[in-house]
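Dear colleague,

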Amino acid sequence: MSFHSIDAWWWPYLFILIAGWLATDAWRFLGVLIGDRIRDDSDVIVFVRCVATALVAAVIAQLIVSPSGALADVPLTLRVGAVAAGFAAFLASGKRMLVGLVVSEALLLAGMAIMRHMAP
């Protein structure tokens, strides 16, 4: 049986629902079942946290180094500078994430506005 074996209007929607459920909810259900049996500081949980953190860091790095859309028109120095300033603000504010995000976003938007006004 394949995706194209059923020729009904509802089949693609049902296929997406089933595939989406299997990809996400099945793992969540399994996590609930075995979550009480695993300690928070176990090697498995530490490994899972490391992988999750690495994936988030990789996505952020890709957005900074090779973005798409409107961010691709912003120079790399402005993108890196905004991230560095946001991280410094995050540390200076006692690790308040909102402060780091606001500073980074404000610098990025201000830099983009300056670039737009300087363009002929």
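In which loop is Lys 95 found? The model is a predicted one, and in it Lys 95 is found in the loop between α3 and α4. Lys 95 has a positive phi of about 65°, although it is not a glycine. As background, most residues other than glycine have a negative phi. Because its relative accessibility is 59%, and exposed means over 50%, Lys 95 counts as exposed.

That loop also holds Ser 93, whose place is between α3 and α4, the latter helix covering residues 97-118. Ser 93 has a relative accessible area of 17%, and since buried means under 20%, Ser 93 is buried. The side chain of Ser 93 reaches the backbone nitrogen of Arg 96, at 3.4 Å.

Ser 42 has its place in the loop between α1, which spans 11-35, and α2, which spans 43-65. With a relative accessible area of 19%, Ser 42 is buried. The side chain of Ser 42 reaches a backbone oxygen, that of Arg 39, at 3.1 Å.

Next comes the packing of two helices. Helix α3 is made of residues 76-92, and α2 packs with it at an angle of about 140°, the two axes being 9 Å apart. Angles over 145 degrees would count as roughly antiparallel and those from 65 to 115 as roughly perpendicular, and α2 and α3 are therefore oblique to each other. On the side of α2, the residues that meet α3 are Leu 63, Ile 64 and Val 65, while on the side of α3 they are Leu 76, Arg 79, Val 80 and Val 83.

Thr 77 lies in helix α3, and with a relative accessibility of 66% Thr 77 counts as exposed. Between Thr 77 and Val 65 there are 9.9 Å in space, C-alpha to C-alpha, and the two are twelve residues apart in sequence. Asp 73, for its part, is found in the loop between α2 and α3, and at 62% relative accessibility Asp 73 likewise counts as exposed. Asp 73 and Met 112 are 39 residues apart in sequence, yet their C-alpha atoms are 9.0 Å apart in space.

Finally, there are the aromatic residues. The structure holds three aromatic pairs, and one of them joins Trp 10 and Trp 11, whose ring centres are 6.4 Å apart and whose planes stand at 85°, so that this pair is edge-to-face. Trp 10 is partly exposed, its relative accessible area being 37%, whereas Trp 11, with a relative accessible area of 10%, is buried. Together with Phe 15, Trp 10 and Trp 11 form one aromatic cluster.

With kind regards

Note on methods
Residues are numbered from 1 along each chain as its sequence is written. This is a predicted model: local features need pLDDT of at least 70, side-chain atom pairs count only at pLDDT 80 or more; totals for chains, interfaces and linings use all residues. Side-chain values use heavy atoms; hydrogens and water are left out. Helices (H or I, at least four residues) and strands (E, at least two) are DSSP runs, numbered from the N terminus. Buried means under 20% relative accessible area, exposed over 50%, partly exposed in between (1.4 Å probe, protein chains only). A polar contact is a pair of N or O atoms within 3.5 Å; within protein, one must be able to donate a hydrogen and the other to accept it, and residues adjacent in sequence count only if both atoms are side-chain atoms. Axes are lines fitted to C-alpha atoms, for helices over the stretch in contact, and angles run from 0 to 180 degrees between N-to-C directions. Angles under 35 degrees count as roughly parallel, over 145 as roughly antiparallel, 65 to 115 as roughly perpendicular and the rest as oblique. Contact means heavy atoms within 4.5 Å. Rings of Phe, Tyr and Trp (its six-membered ring) pair if their centres lie within 6.5 Å; planes under 30 degrees apart count as stacked, over 60 as edge-to-face and the rest as tilted.
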